[in-house]
Amino acid sequence: MPEPTKKDETETESAPPPPEQKTSQEGETGKGKVWSIGEGAPEETEKRDDAQRSTLFVEKPQSGSVSVGGNITFIAKVEAKDLLRKPNVKWFKGKWMDLASKAGKHLQLKESFERHTKIHTFEMHIIQAKENYAGNYRCEVSYKDKFDSCSFDLEVTESSQAAPSIDIRSAFKRSGDGQDDAGELDFSGLLKRREVKQQEEEPEVDVWELLKNANPSEYEKIAFQYGITDLRGMLKRLKRMRREVKKSAAFAKGLDPAYQVDKGGKVRFMVELADPTVELKWYKNGQEIRPSAKYIFEHKGNQRILFINNCSMTDDARYYVTAGDEKCSTELFVRDPPILVTKGLEDTSTYVGERVELSCEVSEDDANVKWFKNGVELTNEPKSRYRIKVEGKKHTLIIEEAAKNDSATYSVMTTGGQSEAKLSVDLRPLKIQLALEDQTVRLGQEIHLKCEISENVEGKWYKNGQLVEASDRVKLYHKGRIHRFVIASAAVDDEAEYMFVPDAYNINIPCKVHVVDPPKLHLDGLGEGNTVTVVAGSKLRLEIPITGEPTPKVMWSKGDKWLTDSGRIRAETYSDSSCLVIDTAEREDSGPFRITLKNEAGEDTALINIKVVDVPDPPQAPNVTEVGEDWCVMTWEPPANDGGSPILGYFIERKKKQSSRWMRLNFELCKETTFEPKKMIEGVAYEVRVFAVNAIGISKPSMPSKSFVPLAVTSPPTLLAVDGVTDTSVTMKWRPPDHIGAAGLDGYVVEYCFEGTDEWIVANPELTDKTKFTINDLPTGSKILVRVKAVNAAGESEPRYHPQPILVKEVIEPPKIRLPRHLKQTYTRRVGETVNLVIPFQGRPRAKVSWQKNGSPIDKNDINIRNTENDTIIFIRKAERSHSGEYDMKVEVENLEDKATIDIQIVDRPGPPEVVTIEDVWGENVNLSWKPPKDDGNAAITGYTIQKADKKSMEWFTVMEHYHRTSATINELIIGNEYYFRIFAENMCGLSEDATMTKESALIAKDGKVYKYPVYDDFDFSERPLFTQPLVNTFAVAGYNATLNCSVRGNPKPKITWLKNKVVIMNDPKYRMFSNQGVCTLEIRKPSPYDGGTYSCRAVNELGEAEVDCKLEVKVIYHGVINPGEPFFLAGNNQLHSKDF
């Protein structure tokens, strides 16, 4: 039977929805529809989810309903406020059918834009709606990355008359293969075995009620039971029957729900109109029917009749008639005449393997006939054992080689009858043409069993009654009537009784197979040369597999001695192996052992070498050949006996002599016979020992070495430099070595040699423990090289050389005072504090230092002065104010001199202010005035502290602190009280010890009086620039930032300009300038000698200008050029004191 085409599905599913349904959501989801606006095409409808979309619609199209032939419009509106161009809008029917290509007579798409409201309006007009326009529609709008969608439904209503019930079984029993909507003949309900008989009367059953109340999964079962072969048409009809049909205004009487007619017959459709003037049209599957010889129209009053002559299977379709906007439809079923079985099947008997043919004849050529075996349908597939042959009305079922399981009841079935017959397949009598023969084979040879029987049947092989399956080792062959059993290589287990049993026959063909095997030793598991190695002291159990049939006799021997089954060395024999057992192996057990096998089939023998290995002997005591600071070098000899296994390496251990705890020094084997232990403690006695290692294990330790103590010479002395040179001597100085070690330092050896020679002369025959030594008796003008060695118990260290030859000649070095930075400004101390100033200088030879205070010599009884070759110290144990003044220092070397001045200021607490007077009293206020103290303590007065006391209690309370003026107004006094006031002066040392009190008291009167404020002229703050702190001469070190500082005041605020050598410094990244609260700073980043010179700071305002200057000297220091760590100046050997930095 042909399957329904896509056209069949779409046409038969296009029935109109009932008028009661407002939407097409129920019953139409996933169903096919016919869209015929313009050039319509079928489309599946499916709802789409509108969630998770952007919001573009301001008005969405709404679902609607329209009657057949009516018009309807759907409107969608989109706001264009945020859109730069018109959005893209598409209309769809169903899931994906774009309606833009369907615009025409029945569909129109329009769009407009309102400029005032900025609203885009999109309209879809459906004109003269048809029944199949109903369904789900969708409108989509998109703009760039925004998207919105809306689904809506269209319902097209129609009117139809209620139809009387019909006999569904007769209406749907049809078959055909030439029409567009033909049902498919289904034989599945006729598979039960039954005989051809006349159709009997069936009881009346309401099949519609059964279908309405049944589960959809039961539909096919009900159709088979009641002979309904067109299941698809039945279900479609059932769907229509469930709808409620409302009365039609146009049809007084409508079409019946269904009509049936035999093929070649004539059918009559009749409707009765309520209004005979209404135009009537007939349709078949949506196509209008025109009058012809096949289709005849007839009018009888209000009746309208359609005759269809000579019905064929193409007329099996859906018909409907329209009257105005109303419609009435029906189904026409064309019934094909049944096919009869004219000659039935006959019972047949045959033998297995024979060809079988079962034939029958039917009433028509090439009819559709189905074959069944025991009720199961047989198909004519290429791989099927059954072949169906059709010759006109004759149908034949062919089985090429019948088998026992082909015995069954076979039946043939047509639309009008059936026939069945029994097929019996039996076995032929079996004869043994060639029986199996007994065989004797040697182990490893092929076993080949063969038999021949009279029939080509399968069979099974058995070994000792057990079924044998084919495998990689056992091959079973069957070709025609010959059966073969093959084992390519016989084994001992293959000796057995074999038997072949044909399938389905109660006979067997037996034989016996006997396997023989000469004795053999299997030594595959032994090493090269059949050597077995065993560790001394362990047990050896050497198992040698043996084979042989019958079981061979086993004999073991070593030399001329045969082994027994008892003792420390013995032999144990089993059915498939023999064991050589040595309970406790000894080195003397090494040697060849012979094993011999004998049986009646032959003999086999072999030599097995037993090698007993042990740990090696300990090495000899090691020798320590060299000792260092924390290391030593040790050597040893290999052990005399390696234990039968090569020496793999050595482990080394050490311990302190006074300790018993040994520590392993290497965790990886040392392959050599020398080793260098490290990380020992200098000055501690140690011992070392060695272990030898082979594949068996570790030997016992060797004897300890002789004790030794790690010692090391010191590192070379450091900072060797020239301390002084005369015409006949050179004085050298140095620093102790960086590392001395446990051996300590005994002293130093100073050696020298003249330039151009290699002979080093010891300057000190005895060690000196000082770090300074003078080499005397040198010729004037000669040049010498000097080196120094440190000496301890371990010997002399590496020498430290002076990098340059030294000229033996006294050199005049001009004097230079290196005044520390903190002494370049006023040096301030309090009375009673200690003054201790160290001023370094340079100058050779024999620099003379002198001091003066305020131009007069210093009293050495009052001030202590101590001079050295490189510095001078001024010391005052308890400073007094009389020690303040300018101290002049002068350094002289022959006719050269250098001077420096130090300003020392000794300060103390100030005295009290002078007379304090009460200038005025008014209200709650008192105005005080006073004079500064006569004694300011040798420091500027920084403020005053004012206290008040009530005359009654005379308890003093502070009302002002750190007050700078000499007049003040005291506020918030209590009316009626009488007050005294006192004032303390304050400087950098603190408050004065005494205070000055007012002689009179101030009474705060209760009656107030009007206070007349004094008239003051506005103070003129204008001032020309004045440097309150000048620049000072500064020394800077090359590579380190230097700063120049000064302070200036002036009003208006002066403009600051920095100059170098009278040239203005501008836009130079090397300099940074700061000014904060009148303090001016010039920062020079990493200066070089070229940055030295005269620097000036100029302040200018409208009242004038002021300028200060200073000198900056930049020194380059090279550390370690002459003496490591000692500064060396680029220009001469000038030295800097550490306090300069």
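**Aromatic pairs, nonpolar cores and local backbone features**

Ring pairs link Phe74, Trp91, Tyr137 and Phe152 into a cluster. Rings of Phe, Tyr and Trp (for Trp, the six-membered ring) pair if their centres lie within 6.5 Å; planes under 30 degrees apart count as stacked, over 60 as edge-to-face and the rest as tilted. The model is predicted, so that local features need pLDDT of at least 70 and side-chain atom pairs count only at pLDDT 80 or more, while totals for chains, interfaces and linings use all residues. Residues are numbered from 1 along each chain as its sequence is written, and side-chain values use heavy atoms, with hydrogens and water left out.

By the ring rule, the count comes to 21 aromatic pairs. In one of them, Tyr137 and Phe152 have ring centres 5.9 Å apart and planes at 15 degrees, so this pair is stacked. Tyr137 belongs to strand β10 (residues 135–143) and Phe152 to strand β11 (residues 146–157), and the pair links distant parts of the chain, 15 residues apart. Strands (E, at least two residues) and helices (H or I, at least four) are DSSP runs, numbered from the N terminus. Both Tyr137 and Phe152 are buried. Buried means under 20% relative accessible area, exposed over 50%, and partly exposed in between (1.4 Å probe, protein chains only).

A second pair is formed by Tyr686 and Phe708: the ring centres are 6.4 Å apart and the planes are at 35 degrees, so the pair is tilted. Because Tyr686 lies in strand β52 (residues 686–694) and Phe708 in the loop between β52 and β53 (718–725), this pair ties together parts that are 22 residues apart in sequence. Tyr686 and Phe708 are likewise buried.

Aromatic rings also meet charged groups. A charge sits over a ring if NZ of Lys or CZ of Arg is within 6 Å of the ring centre and within 35 degrees of the ring normal. Arg138 lies over the face of Phe92, 4.6 Å from the ring centre, and the charged end of Arg664 sits over the ring of Phe651, 4.0 Å from its centre.

The text now turns to the nonpolar cores. Such a core is a set of buried Ala, Val, Leu, Ile, Met, Phe, Trp, Tyr and Cys residues joined through side-chain atoms within 4.5 Å. The largest has 28 residues, and those with the most contacts inside it are Phe74, Trp91, Met124, Ile126, Tyr137 and Leu154. At least two residues of this core come from each of β5 (72–79), β6 (88–93), β9, β10 and β11. Contact means heavy atoms within 4.5 Å. Beyond its neighbours within four places in sequence, Leu154 is in contact with residues including Gly64, Val66, Phe74, Ile126 and Tyr137.

The peptide bond from Asn1051 to Pro1052 is cis, with omega near 0 degrees, and Pro1052 lies in the loop between β82 (1042–1051) and β83 (1055–1060). Gln128, although not a glycine, has a positive phi of about 50 degrees. Gln128 is placed in the loop between β9 (119–126) and β10 and is partly exposed, with a relative accessible area of 41%.

Finally, Lys1111 is located in strand β88 (residues 1104–1115) and counts as exposed at 55% relative accessibility.
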